[in-house]
Amino acid sequence: MKRIDNMKNKPKIYIVIPAYNEENSISSVIKDLKKYNYHKIIVVDDGSTDNTLKIARQARVIVVRHPINLGQGAALRTGMDLALELGADIIVTFDADGQHMAKDINKLIKPVTSKEVDVALGSRFMDHSSNTPWLKKVLLKIGIILIFFMYGIMLTDTHNGLKAMSRLAAQKISIESRGMEHASEIIGKIKVNRIKFKEIPVTIKYSKYSIKKGQRISNSLNIFIKMLTKWFMK
Amino acid sequence: MVYEIEEEIKMIKPIQVIAIIFAIFLLLKAILRLKNKKLTINEFLFWSAISVILIILSIFPQLSNIVANFFGFGRGLDFFIVSSILLIFYLIFRIYIMLEELDSKIVKLARSISLKEIKDIKSLDRQQLKDKINQI
């Protein structure tokens, strides 16, 4: 009985970090998260060829390793499945390249813990704290418009890796996309399952490293084509 | 009609001979494979039907025109090319679906390997875990 009460008071928050060749940033990301008292961290090493796995294991977090590189969507799914299995109440997805701030998580999970919504989406365009490069901004805005046409949901930021979801929402959103199309798939599933969601302003730190490691602009077209084929195949 | 056919046979073209030889070769191969039981009866019937059709068409090429006219094409060759393209489209579509299925199977396999690995690690004690980390 006491345990149940305890669970009610303190939800189990799992941070899921998909990582592919992030040996330079992963340890500082984990350190940052631990500083803000998030100790249930799942790093999904997506078949990295560098030392990501070793560094993550030394950081004393839960590490899952894909034997081959499958893509960010698949890595997120693996991490979320594991978190659900471990009894997570809230799952937060976090990027490994250091562009997200651990201090934003508290703000993000607040509406989920209070059961106001089931999914909280981070948005970099709700305030002006992120110094988004202009070309990236244009592409992201195009993405927002595309999402609006595909699902009829107008968001301020559709391709942000920082999200928080309740256990129920995570069970409903089981990502099928392997690659980067997972961002639009999640929004589609939110719409189909009528999951309550809310956008929360977060800060994206654009460092030289995260820009280099992040999505190459030429890849946007690739993601777009995959999104379209998925949409038509349904 | 008889006269026309005689005319065709008289001015037989090299491609017709090649097609007939190829068809006979195909038929022989099919019979051989049937004898060795490497082909089922259905497969044998399919391949022998194709070679028989090929032989008939190479001896009486104007027959293909009749079929083409029936479907609304001017020439037999047009009909052949269009139906081939349609067939290829269909095959590509099927391959696409197959690849997608294969892809999701690979993802599932890889994921189950990863999750099994973590269960193995969980069962290790502290020292074993340290050794494992050092191994990597």
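Trainee: Which residues does Ser123(A) touch, not counting residues up to four places away in sequence?
Mentor: This is a predicted model, so keep that in mind throughout. In it, Ser123(A) touches Thr156(A), Asp157(A), Asn160(A), Glu199(A), Ile200(A), Pro201(A) and Val202(A).

Trainee: Is Ser123(A) buried or exposed, then?
Mentor: Ser123(A) counts as buried, because it has 21 C-beta neighbours inside 10 Å. The cut-off for buried is 20 or more.

Trainee: Where does Ser123(A) lie?
Mentor: In strand S5 of chain A, residues 119-123.

Trainee: What stands opposite Ser123(A) in S7(A)?
Mentor: Pro201(A) does. S5(A) and S7(A) run parallel, and five bridges join them.

Trainee: And how far apart are Ser123(A) and Val202(A)?
Mentor: In sequence, 79 residues. In space, 5.6 Å from C-alpha to C-alpha.

Trainee: Let's zoom out. What is the strand order in the sheet of chain A?
Mentor: Seven strands, in the order S3-S2-S1-S4-S6-S5-S7. The sheet is open and its pairing is mixed.

Trainee: What holds paired strands together?
Mentor: In general, strands of a sheet pair through backbone hydrogen bonds, either parallel or antiparallel.

Trainee: Which are the edge strands?
Mentor: S3 and S7 of chain A, with S7 covering 197-201. Each of these pairs on one side only.

Trainee: How much are neighbouring strands turned against each other?
Mentor: By 20° on average, ignoring direction.

Trainee: How does S3(A) pair with S2(A)?
Mentor: In the parallel sense, over four bridges. Asp45(A) has Arg65(A) of S3(A) as its bridge partner.

Trainee: How does the chain get from S2(A) to S3(A)?
Mentor: Through helix H3 of chain A, residues 52-58. That makes a β-α-β crossover, and it is right-handed.

Trainee: New topic, the helices of chain A. At what angle do H6(A) and H8(A) cross?
Mentor: At roughly 35°. Their axes come within 11 Å. The crossing is right-handed.

Trainee: Which residues make that contact?
Mentor: From H6(A), Ile147(A), Met150(A) and Tyr151(A). From H8(A), Ser184(A), Ile187(A), Gly188(A) and Lys191(A). By class, that is four nonpolar, two polar and one charged.

Trainee: Which residues of H8(A) are buried?
Mentor: H8(A) covers residues 182-192. Its buried residues are His182(A), Ala183(A), Ser184(A), Ile186(A), Ile187(A), Gly188(A) and Ile190(A). After the helix comes Arg194(A), with a positive phi near 50°.

Trainee: Now chain B. How many helices and strands does chain B have?
Mentor: Six helices and zero strands. Buried residues make up 6% of its 136 residues.

Trainee: What about Lys37(B): where is its place?
Mentor: In the loop between helix H2 (14-35) and helix H3 (41-59) of chain B. Lys37(B) is exposed, with 7 other C-beta atoms within 10 Å.

Trainee: How do H4(B) and H5(B) pack?
Mentor: At about 65°, with their axes 7 Å apart. The crossing is left-handed. H4(B) brings Ser64(B), Asn65(B), Val67(B), Ala68(B) and Phe71(B). H5(B) brings Gly76(B), Asp78(B) and Phe79(B).

Trainee: Last one. How many residues does the contact take from chain B and from chain A?
Mentor: There are 10 from chain B and 14 from chain A. On the side of chain B, H5(B) gives the most, with eight residues. By class, that side has seven nonpolar, one polar and two charged residues.

Key: Residues numbered from 1 in each chain as written. Chains lettered and ligands numbered in written order. Predicted model: local features only at pLDDT ≥ 70, side-chain atom pairs only at ≥ 80, totals over all residues. Helix = DSSP H or I, 4+ residues; strand = E, 2+ residues; numbered from the N terminus. Buried ≥ 20, exposed ≤ 12 C-beta atoms within 10 Å, placed from the backbone. Axes fitted to C-alpha atoms, helices over the stretch in contact; angles between N-to-C directions. Left-handed = near helix turned anticlockwise from the far one by under 90°. Contact = placed C-beta atoms within 7 Å. Pairing = 2+ DSSP bridges. Right-handed = clockwise from strand over helix to strand, strands pointing away. Nonpolar A, V, L, I, M, F, W, Y, C, P; charged D, E, K, R; others polar.
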